Amino acid sequence: MDEVHEEQSQPLDQEEDNEIRTESAAFVQGEPPQDGNGPPKVDSEVEVLHEKVTKQIIKEGHGQKPSKYATCFLHYRAWTESTLHKFEDTWNEQKPVELVLGKEKKEMTGLAIGLSSMKSGERALLHVGWELGYGKEGSFSFPNVPPMADIIYEAELIGFDETKEGKARGDMTVEERIGAADRRKMDGNSLFKEEKLEEAMQQYEMAIAYMGDDFMFQLFGKYRDMALAVKNPCHLNMAACMIKLKRYEEAIMQCNVVLAEEENNAKALFRRGKARAELGQTDAAREDYLKVRKFAPEDKAVARELRLLAEHDKALYQKQKEIYKGIFGPRPEPKPKRTNWLVLCWQWLLSLFYCLFKRERYKAD
């Protein structure tokens with residue numbers, strides 16, 4: 001069903017079964033990894049996974065570890081250990097990487113060993129020797145890695161699919177990929193109902209990974225509609241989670257992805273408006289809410305948000321008024337001038353002498 005039509009039939013702050021409810025969930029702490037100049041400093045215990053691979057846990061995961069031929073979805077950053085030159089960062093591209101354990105590229109062998117020891121949601125710092133990285137020759141294309149370079153990875157295992165044959169996304173049919181994505185979305189919805197926002201987002205991100213740009217570009221007609229019916233709700237649900245986690249910039253990015261496909265998607269406009277309002281971008285938020293009101297003129301959630309914006313603007317005006325009043329103070333009242341009787345007497349005498357002078361001169365004439 002078209003998203004705009006769904007919005008007209010239900011309040012915008014409520015969800016159907018294929019999308020999550022956002023208003024009653026508890027606040028859960030969660031922050032994306034910080035992109036500094038170099039690898040993060042980690043104080044946890046060093047675990048030796050291989051002669052050439054060590055691991056330190058940054059954030060604990062949950063559940064089981066992937067087995068051989070599991071399809072893993074991950075984000076990572078990579079630096080050369082000697083120079084701390086960062087040569088790859090998948091977080092910047094907002095696209096998880098897919099890696100099938102046991103079928104990885106040769107230069108990913110060390111990273112795969114690290115992943116096989118991790119749980120879903122776990123983030124870790126991996127030190128990989130050059131023998132299990134880009135080798136003696138290095139890489140002079142992309143990524144550019146010097147010869148015999150040991151590597152540091154900051155990796156996060158978003159999740160994985162256990163498949164005995166190790167079937168990657170590229171080997172799946174269109175129906176299989178959409179079906180796998182839809183199952184991930186439903187798993188995410190269940191986790192959200194349990195108020196496990198971080199874990200829910202991992203499921204939504206894995207669902208989206210099944211329908212990357214390279215896949216969507218190949219779809220037309222009913223297949224594209226089927227894929228968007230799964231993909232767009234995942235982006236919207238990611239935005240809802242991020243608003244709860246106070247990650248407003250990221251929530252706006254998720255809404256923008258949906259609006260690039262459906263410029264009048266009411267839920268995307270509504271959630272982007274909420275994120276913008278939280279960032280203090282009241283004019284932009286109001287613009288989003290007014291667009292939504294065209295499709296849902298009777299919706300109470302839109303009216304409430306517009307009323308809150310008006311109250312915010314009024315309070316801000318009063319606050320600024322008080323601030324300026326404190327800086328400049330009230331306009332000073334003019335002080336009454338004191339009467340100087342000596343000056344007045346002197347002026348009166350001068351006027352008298354002048355009149356007498358004119359009078360004598362007139363008689364003389």
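Where is the place of E156 in this structure? E156 sits in strand 7. Helices (DSSP runs of H or I, at least four residues) and strands (DSSP runs of E, at least two) are numbered from the N terminus. Before we go on, please keep in mind that this is a predicted model, in which local features need pLDDT of at least 70, side-chain atom pairs count only at pLDDT 80 or more, and totals for chains, interfaces and linings use all residues. Residues are numbered from 1 along each chain as its sequence is written, and side-chain values use heavy atoms, with hydrogens and water left out.

Let us stay with E156 for a moment. Its relative accessible area is 10%, so E156 is buried. Here buried means under 20% relative accessible area, exposed means over 50%, and partly exposed lies in between, using a 1.4 Å probe and protein chains only. The side chain of E156 also makes a polar contact with the side chain of K59, at 3.5 Å. A polar contact is a pair of N or O atoms within 3.5 Å; within protein, one must be able to donate a hydrogen and the other to accept it, and residues adjacent in sequence count only if both atoms are side-chain atoms. Not counting residues up to four places away in sequence, E156 touches several residues, among them K59, F73, W91 and Q202. Contact means heavy atoms within 4.5 Å.

Now look at A155, which is also placed in strand 7, spanning residues 151-161. A155 counts as buried because its relative accessibility is 0%. Leaving aside neighbours within four places in sequence, its contacts include H75, Y76, L111 and L126. L74 lies 81 residues from A155 along the chain, and the C-alpha atoms of these two residues are separated by 7.0 Å.

Next, follow the backbone into some loops. Most residues other than glycine have a negative phi, and most peptide bonds are trans. The peptide bond from F142 to P143, however, is cis, with omega near -5°. You will find P143 in the loop between strand 6 (123-128) and strand 7.

Y69 has a positive phi, near 75°, and belongs to the loop between strand 2 (53-59) and strand 3 (71-80). Y69 counts as partly exposed because its relative accessibility is 30%. For E195, phi is positive too, near 65°. E195 lies in the loop between helix 3 (174-193) and helix 4 (197-209), and with 37% relative accessibility E195 counts as partly exposed.
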